[in-house]
Amino acid sequence: MRLIHMQSVRFTGAALAAIPLALGVLTSQSSAREPSPSPTGTFGSGCSALSQKADTAKDKVVDAAAAYPQLSQLVSAAVRAHLTDTLNDKSDVTVFAPDNDAFKKVSASQLSSLLSDEGQLKKVLTYHVVDKKITPDQLSDGSFTTVEGGKLTTSGSGSDFKVNGKANIVCGNIKAANATIYVVDSVLQPPS
């Protein structure tokens, strides 16, 4: 009887030692193979810096953007281009919203010229708007027609996405009553 007991103890001890090792191998293999899931809420390294005055989920898109001080230049440009009602009256749009830092990348003379030409300003701003809801799942390899009529592309994975290969989405998936907002760090230029 004693012999049988010793063998079962050795087997049990070896089996118990093998379980954590096997689990470790399985965990490292499964995490290495699975792609990064798309975010379900707001995402991006710039979301923490994007201070908000209130909950924007019930506001129309221009009013929602106005709740973010970092989007004040975009809101001002939309008002100047007489786009407020147009954008607020649309349903399920996506706006790639340049933040104030994006406008600082545009030279002073270019920005002055753009702001003084309502037609060109409308063209540039409506190039940032897609007339459909774009989810984070669609950003990894997307091609979309804008309200302006040109095409823009999105690429990336996880929570790291670019628009037209240049502009980073610094905070994405912000909800408004009629829109989804993706804040970008560059002003997008429509194709000539």
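Where is Gln189 found? I found Gln189 in the segment after β7. Helices (H or I, at least four residues) and strands (E, at least two) are DSSP runs, numbered from the N terminus.

**Entry 1: ground rules.** I worked on a predicted model, in which local features need pLDDT of at least 70, side-chain atom pairs count only at pLDDT 80 or more, and totals for chains, interfaces and linings use all residues. Residues are numbered from 1 along each chain as its sequence is written, and side-chain values use heavy atoms, with hydrogens and water left out.

**Entry 2: Gln189.** I looked up its contacts (heavy atoms within 4.5 Å). Leaving aside neighbours within four places in sequence, Gln189 touches Val124 and Tyr127.

**Entry 3: the chain.** I counted seven helices and seven strands. Along the sequence they run α-α-α-α-β-α-α-α-β-β-β-β-β-β. Of the 192 residues, 39% are buried; buried means under 20% relative accessible area, exposed over 50%, and partly exposed in between (1.4 Å probe, protein chains only). Among contacts with a separation of 6 or more, 64% join residues 24 or more positions apart.

**Entry 4: the sheet.** I traced an open sheet of seven strands with mixed pairing, in the order β2-β1-β7-β6-β5-β4-β3. Its edge strands are β2 (129-130) and β3 (141-145), each of which pairs on one side only. Two strands pair if DSSP finds at least two bridges between them. I checked β5 (residues 160-163) against β6 (residues 167-176): they pair in the antiparallel sense over two bridges. Val163 stands opposite Ala167 in β6.

**Entry 5: helix α7.** Which residues of α7 are buried? I listed Leu121, Val124, Leu125 and Thr126. The buried residues of α7 pack against α3, α6 and β2. Not counting residues up to four places away in sequence, Leu125 touches Leu74, Ala77, Ala78, Ala81 and Leu83.

**Entry 6: the cores.** I used this rule: a nonpolar core is a set of buried Ala, Val, Leu, Ile, Met, Phe, Trp, Tyr and Cys residues joined through side-chain atoms within 4.5 Å. The largest one has 35 residues, and Val61, Leu125, Ile174, Ile181 and Val183 have the most contacts inside it. At least two of its residues come from each of α2, α3, β1, α5 (100-104), α6 (108-116), α7, β6 and β7 (179-184). Another core, of 15 residues, lies apart from it and includes Val130, Leu139, Phe161 and Val184.

**Entry 7: the cavity.** I found one cavity of 30 Å³ or more. On a 1 Å grid over the protein atoms alone, a cavity is a set of points where a 1.4 Å probe fits but cannot get out, and lining residues have an atom within 4 Å of a point. The largest cavity has a volume of about 150 Å³, a volume being the space filled by probe spheres set on the points, which are joined across faces, edges and corners. Of its 15 lining residues, Val62, Leu74, Ala78, Leu87 and Val95 are the closest to its centre. Two or more lining residues come from each of α2 (61-66), α3 (72-80), β1 (93-98) and α7 (118-126).

**Entry 8: Thr86.** I placed Thr86 in helix α4 (residues 84-89). Thr86 counts as partly exposed because its relative accessibility is 40%. Its C-alpha atom is separated by 9.8 Å from that of Val62, 24 residues apart along the chain.

Methods: On a 1 Å grid over the protein atoms alone, a cavity is a set of points where a 1.4 Å probe fits but cannot get out, and a pocket is an open set with protein on both sides within 12 Å along at least five of seven lines; lining residues have an atom within 4 Å of a point.
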